[in-house]
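Trainee: Could you please take me through one part of this model in detail, namely the place where the two chains meet?

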Amino acid sequence: MSNGNKEVLTGHQVVANAMKQVEPDVVAAYPITPQSEIVQYFSQYVADGEVDSEVIRVESEHSAMSACVGSAAAGARTMTATASQGLALMMEIVYIAASMRTPIVMTVANRALSGPINIHCDHSDSMAARDSGVIQLYGEDAQEAYEFTLMAQKLAESEDVLLPVMVTLDGFTLTHTAQVAELLPDEAVSDFVGEYDARHPLLDVDNPTTQGPFDMPDYYFEHKLQQVEAMENVPERFLEVQDKFNDVAGSDYDGLFETYRMDDADYAIVLLGSTAGTAKVVVDELRDEGKKVGLLKPWLFRPFPAEGIKDALIDKEAVAVLDRSLSFGSSGPLYLEISSALSEEKSKPRLYNYTYGLGGRDIKEDQIADVFEDLEDPDLESKMRYIGARQ
Amino acid sequence: MASLKTLAKREEKERKFESGHSLCSGCGLSIAVRTILNSTEGSVVASNATGCLEVATTRFPTSAWNIPWIHNAFENAAATISGAEAAYRSLKRKGKIDKETNFVAFAGDGGTYDIGLQSLSGALERGHNFTYVTLDNGAYMNTGIQRSSATPKGASTTTAPAGKETYGKERKRKNLTEIVAAHEIPYVGQASISNLTDLSDKADKAIHTDGPAFLNVLSTCQLGWRIPPKDAIKVAGKGVDTCWWPLYEVDDGEYNITYEPKEKLPVEEWLKPQKRFAALFKAGNQEAVEEIQADVDEDWEKLKKKST
């Protein structure tokens, strides 16, 4: 980045900083590990007069998202942050927020869903929201979490999108660890996000609107199709937002997913979030040994960039999809997407599903190397494998 | 203090709530809503919990509301309006809007006493500048007359019906007005659709109070109460005149009884016209009626003590 400021910061700090720089009109949030410190840092910025926002310290996550819907419908730029049980509790209203086309930006510090209760990372919380109608962006490190939080604001407010955007970062792995991150100057962020003008704000008392009315079977279906259409507009708008962001930040975002040493790879791993960092190290090591391996990491999970990912994987020998959540009685959520993306193709890679990292279980370099080794076996049985679990 | 004539004139000038909705004849909800909205000349932004009022007034693409109105879900009318109110404060401070606006949340007893109690309590404690109105008809009427914690002792509902072994709900209802008063907010009022000037005065005070205000309004349901639609006002009035539903306010912590019946009627006068209480008058249930009377007497005496 050209004019940035390199610092050693935690995931909490970079997200709070992004929120400060966006300067939302309203933040409504409730504490939960491992999200709490994001809102704590932000609240301190407010207390010190560094940002002009109303913070609603609600009595539950259900009320957090409910207040966000009220605020965003009112015409205010609105943000929240949560994790795990908090997201589960607000889920009813996450669906409503999407259907009411409220451009709320929410951080999810990924944490396993109960039970058993566990405060550590997996993706079961955000995956439970994958059919809610919110856009989902998965960050690999503090830098991406910071940049996606900024980009999310523009994406959410795009006129033919107007949907909530969930930006996830792995709980503890990213939220609680200090990493080198490069922050933009405040003015650059202000210029990038610009002013928000809601189209039909509830607070326009001279032009009263009825928001959230009751649909019978004669209209419900069409209203859902409007959400479908909005979701379909996301990829193009996200690319435009990336272009604009690159201009400001000097970054080089140019897609809906990241590929790492994929061009001539025979074997590929697909996964989301912070484990990509470990996987890249493994890819480099195996490449040094002459193995043709690569990594694909979706940034955007909803809407799922199926077409592009299909093109990136189609010529591979074998692909392992590593899911950090379960869909009991079925395959992992990410695997299902990849499998669906490739389903129409006659000639396609062998495809395998692994589950890893549930409830914060570590995944190490040798375990990822083992996956690449598995892929080399042309007779490898197709079944779910659980990395590092005692069975 | 606005007379009924003034309220009617205001409505003629600006119809905040239109006719043509599909609420039942004799429904107390529209009576309460119109009275409350006409009690202020200022603009009002409303949130509405899921329930009869929401369903019957906003069937897409129609709306009975000529004011900004938002429905989010069942249990969160208070949290939703608190978001809108916070947005208003923020945008006003930043100079992005300039008009003065009032905020009112409407919800039924199910949406308040039960599923929405936490959302209400949180919004009251946070001190948002809004008025929360509970339209209390004593059961989940929209879903088919199921028991709520506002259902009166002795009432038969579809989920706590009268039968061979019981006359219906055997527990006394929750005293929500006192629960809200315990939040020590600036204004709390208990009102009824039978006493419209009293309701209007309280709405006026509540809406123009700085900070959170609350109104608990007794509202009829002809289906749930099993009364003729034409008797709605009369029957609600019996609730007031028996002191089963006293009209009072807690204004900055000070209790005032705003209407004292000339003659406190026996509670049977409230119970008998409503068929939901019919089982109370069958052989063997006299004791329950006496218990209800004893509860009313005790609560009334307590309230009188607080108001002196």
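Mentor: In this predicted model, A:Gln211 has B:Ile70 of strand E2(B) as its bridge partner. The two strands concerned are E9(A) and E2(B), the latter covering residues 69-71 of chain B, and they pair in the parallel sense over two bridges.

This pairing may be set beside the contact of the two chains as a whole. Chain A contributes 39 residues to that contact and chain B contributes 40 residues. On the side of chain A that touches chain B, the elements that give two or more residues are strands E2 (26-29), E3 (54-57) and E9 (210-211), together with helices H3 (61-74) and H4 (84-99). Of these, H3(A) gives the most, with 10 residues. Sorted by class, this side of chain A has 20 nonpolar, 12 polar and seven charged residues.

For another kind of contact, consider two helices within chain A. Two packed helices are described by the angle between their axes and by the distance between the axes. Helix H11 (residues 306-313) of chain A packs against helix H12 (residues 333-342) of chain A at an angle of about 75°, and their axes are 9 Å apart. An angle of 65 to 115 degrees counts as roughly perpendicular, and H11(A) and H12(A) are therefore roughly perpendicular to each other. From H11(A), the residues A:Ala306, A:Ile309, A:Lys310 and A:Leu313 meet A:Glu337, A:Ile338, A:Ser340, A:Ala341 and A:Leu342 of H12(A). By class, this contact has six nonpolar, one polar and two charged residues.

Conventions
Residues are numbered from 1 along each chain as its sequence is written. Chains are lettered from A and ligands numbered from 1 in the order in which they are written. This is a predicted model: local features need pLDDT of at least 70, side-chain atom pairs count only at pLDDT 80 or more; totals for chains, interfaces and linings use all residues. Two residues are in contact if their C-beta atoms, placed from the backbone, lie within 7 Å. Helices (H or I, at least four residues) and strands (E, at least two) are DSSP runs, numbered from the N terminus. Ala, Val, Leu, Ile, Met, Phe, Trp, Tyr, Cys and Pro count as nonpolar, Asp, Glu, Lys and Arg as charged, and the others, Gly among them, as polar. Two strands pair if DSSP finds at least two bridges between them. Axes are lines fitted to C-alpha atoms, for helices over the stretch in contact, and angles run from 0 to 180 degrees between N-to-C directions. Angles under 35 degrees count as roughly parallel, over 145 as roughly antiparallel, 65 to 115 as roughly perpendicular and the rest as oblique.
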